[in-house]
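Please look through the sequence and the structure shown here.

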Amino acid sequence: MSAMPPRVLHYPASGEVDLSAPAAELHRLARAVAQGEGLLWTTAGPDGDDRVLAGVEILDTPGSAVRIALDPARRVLLIGGDSDSRVLFAANLRAMADAEDGGHLHVDHFPDHPYLAEGSLPLVVNSPHGGMPGR
């Protein structure tokens, strides 16, 4: 039985991207990010849902922090960056995949961000284990 593919939504009004996936698929995405290559297909949305993206493409872009962008013609989320930056981002993706108490990861640029380039789209990565952790 294969895992469900990731579901990636883009909200044009805010620019935010929302990513949901089972833990195995988040680990697969983290591996692709760390390696700097890969194309992952996502779940199809309902007909007419323009927010649903068709895939995620990982690119090796030496000398650049991670940049999260959109290829609107292909409806693909682009994640590019140099090896050091991608490895840091991949570690965060793995941590979210393994965070059994739920929650989500906000990947938003701020000055002196450890791996994210200015101008990147804001990304929310949802835990495969549910919403916010309980106390």
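**A walk through the model**

Arg75 sits in the loop between strand E5 (67–71) and strand E6 (76–81). Helices (H or I, at least four residues) and strands (E, at least two) are DSSP runs, numbered from the N terminus. This is a predicted model, in which local features need pLDDT of at least 70 and side-chain atom pairs count only at pLDDT 80 or more, while totals for chains, interfaces and linings use all residues. Residues are numbered from 1 along each chain as its sequence is written, and side-chain values use heavy atoms, with hydrogens and water left out.

Although Arg75 is not a glycine, its phi is positive, about 55 degrees. Arg75 is partly exposed, at a relative accessible area of 28%; buried means under 20% relative accessible area, exposed over 50%, and partly exposed in between (1.4 Å probe, protein chains only). Asp112, also not a glycine, has a positive phi of about 65 degrees. Asp112 lies in the loop between strand E7 (104–107) and strand E8 (123–126) and is exposed, with 79% relative accessibility.

His106 has Val124 in E8 as its bridge partner. In a regular strand the side chains alternate between the two faces of the sheet.

An open sheet of four strands has the order E3-E4-E6-E5, with mixed pairing. Strand E3 (38–41) and E5 are its edge strands, each pairing on one side only. From one strand to the next the twist averages 20 degrees. Within this sheet, strand E4 (residues 55–60) pairs with E6 in the parallel sense over six bridges, and Val56 has Leu77 in E6 as its bridge partner. H1 packs on the sheet and touches E3, E4 and E6, its direction making about 25 degrees with that of E4. Contact means heavy atoms within 4.5 Å.

How do the two helices H1 and H2 lie relative to each other? The axes of helix H1 (residues 23–35) and helix H2 (residues 83–98) come within 8 Å and cross at roughly 170 degrees. Axes are lines fitted to C-alpha atoms, for helices over the stretch in contact, and angles run from 0 to 180 degrees between N-to-C directions. H1 and H2 are therefore roughly antiparallel, a term for angles over 145 degrees. Among the residues in contact are Leu26, Leu29 and Val33 in H1, and Phe89, Leu93 and Met96 in H2.

The structure holds four salt bridges, each a side-chain nitrogen of Lys or Arg within 4 Å of a carboxyl oxygen of Asp or Glu. One of them joins Glu25 and Arg28, with the closest N and O atoms 2.8 Å apart. These residues are three apart in helix H1, which means about one helical turn separates them. Glu25 is buried at 10% relative accessibility, while Arg28 is partly exposed at 36%.

Asp60 and Arg86 also meet in a salt bridge (2.8 Å, N to O). Asp60 lies in strand E4 and Arg86 in helix H2, so the pair ties together parts that are 26 residues apart in sequence. Arg86 is buried, with a relative accessible area of 3%.

Technical notes: Angles under 35 degrees count as roughly parallel, over 145 as roughly antiparallel, 65 to 115 as roughly perpendicular and the rest as oblique. Two strands pair if DSSP finds at least two bridges between them.
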